[in-house]
Amino acid sequence: MAATPIASPIAVAMYPTLSGITLAIGLIVTAFFFIYEATSSRKNRSLGMELSTAAAASLFLGFGSLFLLLASGVYV
Amino acid sequence: MKKNSSVVVDLLLLLLAITVLTTPAFSDLVLSKVERRIDVTSQIARVTKTLKRGKRKAKRFLVVAAFTNVLQPFPEKITQRDIHLVMLQESAQYLSPYVVESQSLSIKLPNARIESYTKLENSKVQGSEIKYGPYKNLAQYSYAPIVVHFESKAAFAVAERLVREIEVSHWGNVQVTEHYNLVHRGAQLKGEFSRLEYQDRPNPQGVSAFRHLLARLPPRAHSIYYRDDIGNISTSQMQSDSKKTELLIEPRFPLFGGWKTFFTIGYGLPLSDFLFASEGKRFLDISFGSPMIDLVTEKLIVQVVLPEGSKDISVTTPFAVKQSHEIKYSHLDIAGRPVVVLEKNNVVPDHNQKIQVYYKFSNINLLSEPLMLITGFFVLFITCIIYTRADFSISKSSAAYLAKLQWDEVLATLQEVQNIIQKCLAAHDKLEASLRDLSRTGDIQTCKATRKSTDSLLKDLSKELRPLLAALQSFPSASQISPKVEELVAKEKELQEKLMARHTTVVEGYEKKSSGRDIENRIASQQQKIIALRQEVDDLLEFIDEI
């Protein structure tokens, strides 16, 4: 039976680029979140907006930190 | 006691019976030719035996064996200046239960001094080889002990304990970490070690020591490090090509007989060179022993760490190993990673063959790692949300608390006022846009319609503004801000009226079909005021923004 080599799902050479992009987007969305927190008043704040920004920010930051770990040689 | 001795007697009787019954069979078998070749150029004695049976229908057997610890250093303790002499004890005649018609033995020694060797009939020295034979028609079990005493320049490097950890990560890397406990198993050093004599040129003293160790790593090995408990060891060189990566390391000190050292070598390998898929399972195809050439390992422990979520693990080896399972907790692990531990004693470089570790893994399990990170960050954000929403004040009726509550309401009202003003300004812009459309297309009806709709919109917005202004006035803490807000609203209203007036004038001008210049002249004065008012409105908005 022929044995096919297995590689990682994403090309290893792409890890630094991917980590940079996802971390940048994640940090921008985090900035949006905190600006919203700081400028909105207690009455006007909407929980949906807060949760959605937090979810998007944590998604991008999570993937960004994973790719950062992989790019720096800690193959988790 | 009696039972023991009776068992032994039984065994002996059994053995005797077998020997007696099978001796006729043995004596029928005759080996026509036996050629033995012993290679002792390194610390391992490699014996190659070619056995030939029969003359017409000849059957040839080739036996290759490697022996460790058969070269005894003699003398056992030497000083730094002495040469390293070792002794090999063998039998010139092949010890076998069969009659051998013709046999010969040749011992290949390293290209150095031969101290002495047992001289039998038919023995001669040819260069660095000693040949015994050919001996014809020897009986069964014939034995002629010989001793060869010669100088060996080989490195007697023996790893007392080698732990090889192979960690597989499906993100693209196989990380190999090897911990060595090395010892020089040659003649022990007696007396002192003099660095001066060791480094003296042209006559360095210390032939029995070894300095370098060469390791052959697979090609495309990266991130190679060589360190010990003190830190990084910089005396190493690496040369790589497409077939192998050669790492030449030099321990912190030369190793004389009996001296020990310990170090760690680590390197990463690309995943697609070693991990393969076949028949629904994955397998790791990797070499078993140490990559160092000419290293004898007394105790070798290979730990293969597979990613979390691997199931149905099995190992295939070309030789016998002792297997066991463990769990290792590493980065981003929930249940731990399964580890297959393979142990083997007395390992020589000939054991450096490929072993296969089979297991099942689906790529979905890879997602658990980023999910853990995402959840971590999300918990942080939730904490922020709870913090900004929660009320941590101790007293709910103190003056400061009530003032804070009021200020929050003031800010909320201000924000709503701001929103409405922005909407008004948007309506103004729509008016202007309709004027520009008019000058382009000349369509008066749509222009009038736009003006009407904008008019009604602005009226609604000003109605919304009124209760907000009233609320703002009622707050005592907003006493400084509310006049500014009122000013803003008043100015905005003025702007509204002026814009409306201008719009009407322009539309009338178009209806009367007067020339463009006339229209311009009429609205010129209004235009200036409009621009000034707009500027003031913007300034006030900025001021409110900064609160």
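Biologist: Which residue is the bridge partner of Ile114(B) in β11(B)?

Modeller: The partner of Ile114(B) is Phe150(B). Please keep in mind that this is a predicted model. The bridge belongs to the pairing of β8(B) with strand β11(B), residues 145–151, which is antiparallel and has three bridges.

Biologist: In what order do the four strands of that open sheet of chain B lie?

Modeller: The order is β4-β6-β11-β8 in chain B, with antiparallel pairing. The edges are formed by β4 (72–73) and β8 (114–117) of chain B, each of which pairs on one side only.

Biologist: And strand β22 of chain B: how many of its ten residues are buried?

Modeller: Eight of the ten are buried, so β22(B), residues 296–305, is mostly covered.

Biologist: Which strand runs parallel to β22(B)?

Modeller: That is strand β12 of chain B, residues 157–169, joined to β22(B) by eight bridges. Within β22(B), Val302(B) stands opposite Arg164(B).

Biologist: Which one runs antiparallel to β22(B)?

Modeller: Strand β25 of chain B, residues 337–347, does, and eight bridges join it to β22(B). Lys299(B) has Asn345(B) in β25(B) as its bridge partner.

Biologist: Let us change topic. How many salt bridges are found over all chains?

Modeller: The search of the whole structure gives 30. One of them joins the side chains of Arg113(B) and Glu115(B), with an N to O distance of 2.7 Å.

Biologist: Are Arg113(B) and Glu115(B) buried, exposed or partly exposed?

Modeller: Arg113(B) is partly exposed, with a relative accessible area of 45%. Glu115(B), at 36%, is also classed as partly exposed.

Biologist: Which residue forms a salt bridge with Glu250(B)?

Modeller: Glu250(B) pairs with Arg211(B), and their closest N and O atoms are 3.4 Å apart. Arg211(B) has a relative accessible area of 34%, which makes it partly exposed.

Biologist: What about Arg216(B): which residue is its salt-bridge partner?

Modeller: It is Glu246(B), with the closest N and O atoms 3.1 Å apart. Here the link is between strand β15, which holds Arg216(B), and strand β18, which holds Glu246(B), both of chain B; the two residues are 30 residues apart.

Biologist: Why does Glu246(B) count as buried?

Modeller: Its relative accessibility is 18%, and buried means under 20%. Arg216(B), in contrast, has 38% and counts as partly exposed.

Biologist: Which residues are joined into one network by salt bridges that share partners?

Modeller: The network consists of Glu165(B), Glu167(B), Lys328(B), Asp333(B) and Arg337(B).

Biologist: Now the surface. Which residues gather in a patch of positive charge?

Modeller: They are Arg53(B), Arg56(B), Lys57(B) and Lys59(B). Arg53(B) is part of strand β2 of chain B, residues 45–53, and is partly exposed at 32% relative accessible area.

Biologist: And which form the patch of negative charge?

Modeller: That patch brings together Asp538(B), Asp539(B), Glu542(B), Asp545(B) and Glu546(B). Asp545(B) belongs to helix α7 of chain B, residues 516–545, and is exposed, with a relative accessible area of 52%.

Biologist: Finally, the backbone. Is the peptide bond from Phe74(B) to Pro75(B) cis or trans?

Modeller: That bond is cis, with omega near 10 degrees. Pro75(B) sits in the loop between β4 and β5 (77–78) of chain B. The bond from Arg201(B) to Pro202(B) is cis as well, with omega near 15 degrees, and Pro202(B) is in the loop between α2 and β15 of chain B. For context, most peptide bonds are trans, and most residues other than glycine have a negative phi.

Biologist: What is phi of Asn69(B), and where is the residue placed?

Modeller: Phi of Asn69(B) is positive, near 65 degrees. Asn69(B) lies in the loop between β3 (59–67) and β4 of chain B and is exposed at 59% relative accessibility.

Biologist: And Asn137(B): where is that residue placed?

Modeller: Asn137(B) is in strand β10 of chain B, residues 129–138. Its phi is also positive, near 50 degrees, and at 58% relative accessibility Asn137(B) counts as exposed.

Technical notes:
Residues numbered from 1 in each chain as written. Chains lettered and ligands numbered in written order. Predicted model: local features only at pLDDT ≥ 70, side-chain atom pairs only at ≥ 80, totals over all residues. Heavy atoms only, no water. Pairing = 2+ DSSP bridges. Salt bridge = Lys/Arg side-chain N within 4 Å of Asp/Glu carboxyl O. Buried < 20%, exposed > 50% of the residue type's maximum accessible area, 1.4 Å probe, protein only. Patch = residues over 30% accessible without salt bridge, like charges linked within 9 Å, V, L, I, M, F, W, Y side chains within 5 Å. Areas by Shrake-Rupley, 256 points an atom, 1.4 Å probe, with all protein chains shown as cover. Lys, Arg positive; Asp, Glu negative; His and termini not counted. Charge placed at Lys NZ, Arg CZ, Asp CG, Glu CD.
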